[in-house]
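Please go through the briefing below with the sequence and the model side by side.

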Amino acid sequence: MSSPWFSRFTAHSAAERVMWRCDALAEISEDADQLTRVYLSPQHLRANTCVGEWMREAGMQVWQDAVGNICGRYEGQMPDAPAVLLGSHLDTVRNAGRYDGMLGVLASIEVVRFLHQQQIRLPVALEIVGFGDEEGTRFGITLLGSRGLTGTWPESWLSCQDAQGVSVSQALSQAGLSPEAIGRAARAPQSIAAYLEMHIEQGPCLEHDDAALGVVTAINGARRLNCVFQGTAGHAGTVPMTQRQDALAAAAQWMVVVEQLTREQASGLVATIGTLQCAPGAANVIPGEVRLTLDVRGPEETALAALLANLLSHGEQVAQARGCRFGAEEYYRIAPTRCDDGLQRLLCEAVTQVQGHAPALPSGAGHDAIAIAERWPVGMLFVRCKGGISHHPDESITTADVVQALRAWLKVVLSFGEK
């Protein structure tokens with residue numbers, strides 16, 4: 001990846017432009033005092049218009065597709081060449097930060113802008129997509145934008161409603177799109193060669209390692225379960241400690257076991273008890289039932305399944321020892337998404353050239369790459385964020401780190417001209 005063009009890249013100016021544009025997009029929000037931009041809202045469409053203009057300035061052909069993604073194409077040496085897809089999402093959670101999603105779109109525009117200025121065409125085309133919905137904030141269903149490209153929208157999604165009772169179908173119509181035409185967003189398998197996504201890490205690992213950039217190995221799979229400990233309620237003053245079937249005490253013991261057992265596992269596995277409801281919920285009554293949720297995540301399916309089975313087995317053991325009953329029901333499952341080995345190598349080479357080493361780490365959060373990986377090879381580059389904070393107004397990155405990210409991103413893109 002020693003392209004003669006690379007030395008002409010003014011990465012600092014490009015990084016400053018990325019940071020300014022992140023600020024500009026943050027002003028496009030449904031709330032004046034916080035950033036909220038949801039799928040198919042007027043703010044989403046305004047952001048598409050804004051990003052589309054930046055794509056055109058960078059030398060791209062631009063269109064909005066049938067599910068509301070904003071797309072730009074920079075042709076390769078031959079018309080209709082397969083495209084390397086670059087992108088991320090433009091929607092946000094409520095009260096969001098300004099870099100989650102946007103960084104990957106805007107950084108990719110800078111790479112294409114440089115190629116256009118230098119009149120460089122690659123054997124592959126380059127396409128940038130600003131996905132309309134990754135977060136699922138409005139309708140409670142995620143990856144609508146990227147699943148538009150893969151053609152894997154369930155028909156049932158059209159009837160899903162937001163908090164105001166507006167369905168996805170109605171929202172598409174209100175945005176000037178046709179619910180009957182969503183299939184037109186799907187891309188032919190041979191039209192895309194690979195997908196690359198730059199994203200803030202949303203965690204503290206790179207900062208802990210004092211590294212600006214890292215290469216993603218996999219996006220963690222997840223299991224979410226509703227769990228329950230059932231004991232016997234009783235008077236807090238009259239039932240001796242040795243004769244109790246205290247559901248809360250059983251749950252508390254298991255929570256400590258969950259933490260201990262997960263810490264003993266290989267790196268990348270995490271488990272969280274996120275909610276807890278105690279019944280009957282009175283200060284003078286021994287808890288007879290406790291309901292809680294378990295979220296288990298990891299980058300490798302076998303290890304994830306083994307950890308979950310072990311945790312549930314210990315739940316049963318704890319309950320039995322305390323005269324209680326334990327049950328668990330899974331309500332959410334997503335498989336781990338392995339990043340393509342070849343794209344990982346390209347990213348590692350580029351990151352090593354830029355910062356001297358290339359930390360490898362899994363992603364604990366979901367990304368559009370999950371959907372895209374069902375059709376095409378995917379690779380991801382992480383950029384350090386301050387304190388690992390994300391989905392919050394305090395989300396923060398530095399211009400210096402964006403400079404490093406842009407240099408690595410350009411090296412990876414140029415490597416497709418050497419194949």
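The secondary structure of the protein chain comprises 11 helices and 15 strands, where helices (H or I, at least four residues) and strands (E, at least two) are DSSP runs numbered from the N terminus. This is a predicted model, in which local features need pLDDT of at least 70 and side-chain atom pairs count only at pLDDT 80 or more, while totals for chains, interfaces and linings use all residues. Residues are numbered from 1 along each chain as its sequence is written, and side-chain values use heavy atoms, with hydrogens and water left out.

**Overall dimensions and burial**

- The protein chain has a radius of gyration of 24 Å, which agrees with the value near 22 Å that a compact globule of 419 residues would have; the radius is taken over C-alpha atoms, and the globule rule is 2.2 Å times the number of residues to the power 0.38.
- The C-alpha trace of the protein chain spans about 85 × 50 × 40 Å along its principal axes.
- Of the 419 residues in the protein chain, 54% count as buried, a class that means under 20% relative accessible area, as against exposed at over 50% and partly exposed in between (1.4 Å probe, protein chains only).
- Among contacts in the protein chain with a separation of 6 or more, 77% come from residues 24 or more positions apart, contact meaning heavy atoms within 4.5 Å.

**Packing of H1 against H2**

- The axes of helix H1 (residues 11–26) and helix H2 (residues 42–57) come within 10 Å and cross at roughly 155°, the axes being lines fitted to C-alpha atoms, for helices over the stretch in contact, with angles from 0 to 180 degrees between N-to-C directions.
- That angle makes H1 roughly antiparallel to H2, on a scale where under 35 degrees counts as roughly parallel, over 145 as roughly antiparallel, 65 to 115 as roughly perpendicular and the rest as oblique.
- H1 passes H2 in a right-handed crossing; a crossing is right-handed if the near helix is turned clockwise from the far one by less than a right angle, and left-handed if anticlockwise.
- On the H1 side the contact is made by Trp20, Arg21, Ala24 and Leu25, and on the H2 side by Ala47, Cys50, Val51, Trp54 and Glu57.
- By class, this contact of H1 with H2 has seven nonpolar, no polar and two charged residues, with Ala, Val, Leu, Ile, Met, Phe, Trp, Tyr, Cys and Pro counted as nonpolar, Asp, Glu, Lys and Arg as charged, and the others, Gly among them, as polar.

**Packing against H11**

- Helix H3 (102–117) and helix H11 (residues 399–415) pack at an angle of about 60°, with their axes 10 Å apart, which makes H3 oblique to H11.
- The crossing of H3 and H11 is right-handed, and the contact is made by residues including Leu103, Ala107, Phe114 and Leu115 of H3 and Val402, Leu406, Trp409 and Leu414 of H11.
- The residues of the contact between H3 and H11 divide into 11 nonpolar, one polar and one charged.
- The axes of H1 and H11 come within 8 Å and cross at roughly 115°, again in a right-handed crossing.
- Among the residues that meet here are Ala11, His12, Ala15 and Met19 in H1 and Thr399, Val402, Leu406 and Arg407 in H11, and the contact of H1 with H11 divides into eight nonpolar, two polar and two charged residues.

**Backbone exceptions in loops**

- Most residues other than glycine have a negative phi, and most peptide bonds are trans.
- The peptide bond from Ala279 to Pro280 is cis, with omega near 5°, and Pro280 lies in the loop between strand S9 (270–279) and strand S10 (285–286).
- Asp80, although not a glycine, has a positive phi of about 65°; its place is in the loop between strand S2 (70–74) and strand S3 (83–89), where Asp80 is exposed with a relative accessible area of 70%.
- Leu143 also has a positive phi, near 65°, and lies in the loop between strand S4 (125–131) and helix H4 (144–150), but at 8% relative accessibility Leu143 counts as buried.

**Surroundings of Leu269**

- Leu269 is in the loop between helix H7 (247–263) and S9 and counts as buried at 9% relative accessibility.
- Leaving out residues up to four places away in sequence, Leu269 touches Thr262, Arg297, Gly298, Ala303, Leu304 and Leu307.
- The C-alpha atoms of Leu269 and Gly364 are separated by 9.0 Å, although the two are 95 residues apart along the chain.
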